[in-house]
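Please consider the sequence and the three-dimensional structure shown below.

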Amino acid sequence: MRAAQQLITESLIHYEGLPVGTRAALSAWTAAENYADCFIRDFVPSGLVFLLQGRHDVVRNFLRVALRIRDLQEEIEGHRGLPRVMPASFRVERHLDGGESLHADFGDRAIGRVAPVDSMMWWVLLLQAYVRETGDTALAADPAFQRGLQSILGVLLNDRFEVFPTLLVPDGSFMIDRRMGVYGHPLEIQALFFGSLNALAELLLPSEATRPMLEQAVKRRAQLTEYVRQFYWLDLARLNDIHRYETEAFGQDAVNPLNIYPESIPDWLVDWLPDAGGYLLGNLGPGRMDFRFFAFGNLLAVIFGLATPTQSDAIMNLYEAQWSDLVGRMPVKLIYPAMAGLEWQLLTGSDPKNTPWSYHNGGNWPALLWAFAGAAMRTGRGDLARRALEIAEPRLLADDWPEYYDGRNGRLIGRRANTRQTWSAAALLVAHGLIREPDRLAFWAAPEGV
């Protein structure tokens, strides 16, 4: 615990004399030059650590700086105007004359040059957690914050060429920031979308300009909730339904409205899914069900209340039944199972970093410890949270806080993993805090009736 706290303290980034974020990693060797940046997504567990410890000033400073640097986004010639999403990361550059400036990355330095979609939603969710934890409603009511919240809600509700209530995004636009066959409507984005709509309804003040948007957000959240709970859910009963689907059906009464072919059910799934377990699918679209288990999306769905209480219990039952596959020697595996062979070649472009059972393709990420502990405590399964920490803590300390682990059960330190990775340490501290005080999860509780 002391070593984790020391790492986070050493990772602090200062701007104009104030702490405004944490570096992604402090290892002497870094795989990417931007690991010296503060990533919006990566800062969230660090921000939760500071909130749990009463260091509210760090989170407040971060929220202000992240909002400020949205305006640094350059417009692309031929576009009428970009949606002003949050950057993937930012850094403080110090000049020879002693001055400082902020430099933001909106995807121009990212792998594949994909702009992040999740950053703006994580910013909204951290603002909600800050306000609920501190009672500082004045920060959210600040005109600059209200303009930012209104702009983000406008982006999320923007009309697109689709008929689904879910949010459409490209590959590489969230935590899985490389090509992994997750284009379309990945679960993690839908969970964040749901949580963000809840937060925006709470933080954005009603006015003549915002009231129609807020009313639309309530309707969209209801449609999203029903859609995900019905069509993304998979348990043994649902698997039997899909196994017997009729295809090429038309009309409003079609039992198989997305025209899913039973032949698309993978062989590994039938005997792997336990009787009392279930999970939300990784992705869904016309003629397509991605049956892979995506840990972060499922855990966030439990924490935010997107999954029903029954579904949440079944997700944790699945973890208990398939512990060696989904937790293994280092909590928590990001995706199960890994893609290999021709599937890996086609869906990743033969990505040498995402080889089978490595990195995003079946790697184990200690950064997800906080989400696992939060979901476990939300469902009354503190035994699973404590079991995960007993596995993770001694090894993380001995291995100097790697970014990820490789292998079917996470026995190997990631081949290209940075050590002294800040969110690996922060996730451990948040997990400990949530086990001690599970009521602190109230900073992301869904409204009554959802």
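This is a predicted model: local features need pLDDT of at least 70, side-chain atom pairs count only at pLDDT 80 or more; totals for chains, interfaces and linings use all residues.

Which residue in E4 is the bridge partner of Phe39? The partner is Ser89. Residues are numbered from 1 along each chain as its sequence is written, and side-chain values use heavy atoms, with hydrogens and water left out.

The pair Phe39 and Ser89 belongs to an open sheet of three strands, ordered E3-E4-E5 and paired in the antiparallel sense. Two strands count as paired if DSSP finds at least two bridges between them. In general, strands of a sheet pair through backbone hydrogen bonds, either parallel or antiparallel. At the edges of this sheet lie strand E3 (38-39) and strand E5 (100-105), each of which pairs on one side only.

Strand E4 covers residues 89-94 and is joined to E3 by two bridges, in the antiparallel sense. Besides the bridge from Phe39 to Ser89, Cys38 has Phe90 as its bridge partner in E4. On the E5 side, six bridges join E4 to E5, and these strands also run antiparallel. Ser89 takes part here as well, with Asp105 as its bridge partner in E5. E4 and E5 form a hairpin with five residues between them, and Gly98 in the turn has a positive phi of about 90°.

The next feature is a helix pair. Helix H7 (residues 187-203) packs against helix H8 (residues 211-232) at an angle of about 150°, and their axes are 10 Å apart. The axes are lines fitted to C-alpha atoms, for helices over the stretch in contact, and the angle, on a scale from 0 to 180 degrees, is taken between N-to-C directions. The crossing of H7 and H8 is left-handed, a term used if the near helix is turned anticlockwise from the far one by less than a right angle, whereas clockwise gives a right-handed crossing.

Contact means heavy atoms within 4.5 Å. On the H7 side the residues that meet H8 include Leu187, Phe193, Phe194 and Leu197; on the H8 side, those that meet H7 include Leu214, Arg220, Arg221 and Tyr232. By class, the contact of H7 with H8 has eleven nonpolar, three polar and two charged residues. In this classification Ala, Val, Leu, Ile, Met, Phe, Trp, Tyr, Cys and Pro are nonpolar, Asp, Glu, Lys and Arg are charged, and the others, Gly among them, are polar.

The whole protein has 17 helices and 13 strands. Its radius of gyration is 21 Å, close to the 22 Å that the globule rule gives for 450 residues, so the protein is as compact as a globular protein of that length. This radius is taken over C-alpha atoms, and the rule is 2.2 Å times the number of residues to the power 0.38. Along its principal axes the C-alpha trace spans about 70 × 55 × 45 Å. Of the 450 residues, 60% are buried; buried means under 20% relative accessible area, exposed over 50%, and partly exposed in between (1.4 Å probe, protein chains only). Among contacts between residues at least 6 apart in sequence, 70% join residues at least 24 apart.

Ala373 lies in helix H15 (residues 369-378) and is buried, with a relative accessible area of 1%. Leaving aside neighbours within four places in sequence, Ala373 is in contact with Ala385 and Ala431.

Some backbone details remain. A cis peptide bond joins Pro331 and Val332, with omega about 5°, and Val332 lies in the loop between helix H13 (323-326) and strand E11 (335-336). The bond from Tyr336 to Pro337 is also cis, with omega near -5°. Glu16, although not a glycine, has a positive phi of about 55°; Glu16 lies in the loop between strand E1 (12-15) and strand E2 (18-22) and is exposed, with a relative accessible area of 55%.

Notes. Helices (H or I, at least four residues) and strands (E, at least two) are DSSP runs, numbered from the N terminus.
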